[in-house]
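Please look over the notes below with the model open.

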Amino acid sequence: MLRVGIIGGTGYVGGELLRLLCVHPKAEVTVVTSRSHAGKPVDAMHPNLKGLLDLKFEDVDPSAIAHKCDLVFTAVPHGAAMNVVPGLVDAGLKVIDMSADYRLPADVFESVYNKKHADPRPTVYGLPELHAEEVKNATVVGNPGCYPTGAILTAAPLVAAGVVDRIVFDSKSGISGSGQEPSETTHYPNVAENVRPYNITTHRHKSEIDQELRALNNKVKIHFTPHVIPSVRGILTTAHAFINKPLTDDQVRAIYNEFYAGKPFIRMSKPTLANVRGSNFCDIAFEIEKGTDRIVIVSAIDNMVKGSAGEAIQNMNIMYGFDERTGIWMSGLPP
Ligand SMILES: NC(=O)C1=CN([C@@H]2O[C@H](COP(=O)(O)OP(=O)(O)OC[C@H]3O[C@@H](n4cnc5c(N)ncnc54)[C@H](OP(=O)(O)O)[C@@H]3O)[C@@H](O)[C@H]2O)C=CC1
Ligand SMILES: CC(=O)N[C@@H](CCC(=O)OP(=O)(O)O)C(=O)O
């Protein structure tokens, strides 16, 4: 069994990693950390795991963790991971970081996050549909942000084919994307029966979307606007793409089918949040607006699974030569 540790096990992403890993047939969670809950059983924080996982939270101690793990998921806030990861790597471990610390080159990180990077090492951007070959041999994987996962997967085939010049991404996220710490914006009366746009032209995830799509075609121009909707899980992304030559439905379908051939978690299927909730699928559909240069592509993911914990386990599977579906091949939770 692969021995796995989780740093930041009390958070939403840490909890989702535990939920998925406790039924993974080839990996076993041997360490889970929390500063606030050290010494307490995991089910004190995650009652859904009662009877499934006999583990206690431990303090964050990279040298103690090193003896018990082969791979560690760092599920801590951005800015915190870069202080933990070097000790883990020096101890010979592989790391999949869930924060934003290892997704961008250090200079780009510093300008987007307005923070000095403490560990500017080369890493792999862990979007398996684009970078599986690099993930196989990576020591540190920067697991993508939830919005970038949805946005990049929605548009990558058209961008790579060179048929779009400009894309406007409009994304709607469930509130679990904000993490477990309560705040005014996550307070129930402010979320329920409400939709809130935020960082309308300036969201930090634009740089990740830019990085990945412009690597496929550096002429493409990207715009991104996020919203929070009264839902717990899920991100629905509507991409308005402007094409530079007329395309038929069959041609667009062929572009998507070819780009995602052999990618089990991409389904060309009507996207709804319910159909992907709890699953690692990204469902995608498109429609060409007749008589215009606009094509609308819509995707749905679960931010906690394909947008974080599930995608990270997909990366782990690839790093260790397991079938990438191992432990995460499951349906969504429709009504
Ligand atoms: N929520 C989502 O949908 C997604 C989140 N992410 C990213 O994943 C990471 C975790 O997110 P999420 O679970 O939502 O966040 P939470 O705020 O819910 O959890 C954060 C966890 O990190 C621990 N922690 C906080 N500060 C430190 C520190 N300095 N050193 C060590 N541990 C620390 C906390 O536990 P304790 O204080 O007990 O140590 C807690 O377990 C973040 O970087 C987030 O941006 C990525 C994709 C999607
Ligand atoms: C709804 C909500 O607040 N979403 C978060 C993104 C969550 C996420 O996964 O992003 P990182 O991994 O980069 O933190 C936000 O807008 O900052």
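1. Ligand 1 in this predicted model has 31 residues around it. Gly-8, Gly-11, Ser-36, Ser-99 and Gly-179 come nearest. Two elements give two or more residues to this shell: α1 (12-21) and α12 (305-319). The greatest contribution is that of α1, with three residues.

2. What is the make-up of the shell around ligand 1 by class? Polar residues number 18. Eleven are nonpolar, and two are charged.

3. Where does ligand 1 sit relative to the domains? Residues of its shell come from both domain 1 (2-122) and domain 2 (146-303), so ligand 1 lies between them.

4. Ligand 2 has its own list. The residues around it are His-78, Ala-100, Gly-145, Cys-146, Ser-173, Gly-177, Ser-178, Pro-226 and Val-228. By class, this shell holds five polar and four nonpolar residues. It has no charged residue.

5. Now the domains. The division of the chain gives domain 1, residues 2-122, and domain 2, residues 146-303. Their C-alpha centres are 27 Å apart. Contact between the two involves seven residues of domain 1 and seven residues of domain 2.

6. Which helix gives the largest share of the side of domain 1 that touches domain 2? Helix α5 (residues 106-113) does, with three residues. By class, that side of domain 1 has five nonpolar residues, one polar and one charged.

7. The largest nonpolar core counts 85 residues. Inside it, Leu-17 and Ala-155 have the most contacts. Helix α7 (residues 146-160) supplies the largest share of this core, nine residues. Why does the core lie between the domains? Domain 1 (2-122) and domain 2 (146-303) each give residues to the core, so it lies between them. In soluble globular proteins, nonpolar side chains tend to be buried together.

8. Leu-17 deserves a separate look. Neighbours within four places in sequence aside, its contacts are Ile-6, Phe-73, Ala-75, Ala-309 and Ala-312.

9. Next, the sheet. Seven strands form an open sheet with mixed pairing. Their order is β9-β10-β8-β11-β14-β13-β12. The edge strands are β9 (196-197) and β12 (266-268), each of which pairs on one side only.

10. Consider β11 (residues 235-243) and its pairing with β8 (residues 164-173). The two strands are antiparallel and share nine bridges. Arg-166 has Phe-242 of β11 as its bridge partner. Lys-172 is bridged to Leu-236, also in β11. Strands of a sheet pair through backbone hydrogen bonds, either parallel or antiparallel.

11. How many bridges join β11 to strand β14 (residues 294-301)? There are eight, and these strands also run antiparallel. Within β14, Ser-299 stands opposite Thr-237.

Terms used. Residues are numbered from 1 along each chain as its sequence is written. Chains are lettered from A and ligands numbered from 1 in the order in which they are written. This is a predicted model: local features need pLDDT of at least 70, side-chain atom pairs count only at pLDDT 80 or more; totals for chains, interfaces and linings use all residues. A residue is near a molecule or strand if its C-beta atom, placed from the backbone, lies within 6 Å of it. Ala, Val, Leu, Ile, Met, Phe, Trp, Tyr, Cys and Pro count as nonpolar, Asp, Glu, Lys and Arg as charged, and the others, Gly among them, as polar. Helices (H or I, at least four residues) and strands (E, at least two) are DSSP runs, numbered from the N terminus. Domain bounds come from an automatic or database domain assignment. Two strands pair if DSSP finds at least two bridges between them. A nonpolar core is a set of buried Ala, Val, Leu, Ile, Met, Phe, Trp, Tyr and Cys residues joined through C-beta atoms within 7 Å. A residue is buried if 20 or more other C-beta atoms lie within 10 Å of its own, exposed if 12 or fewer, and partly exposed in between; C-beta atoms are placed from the backbone.
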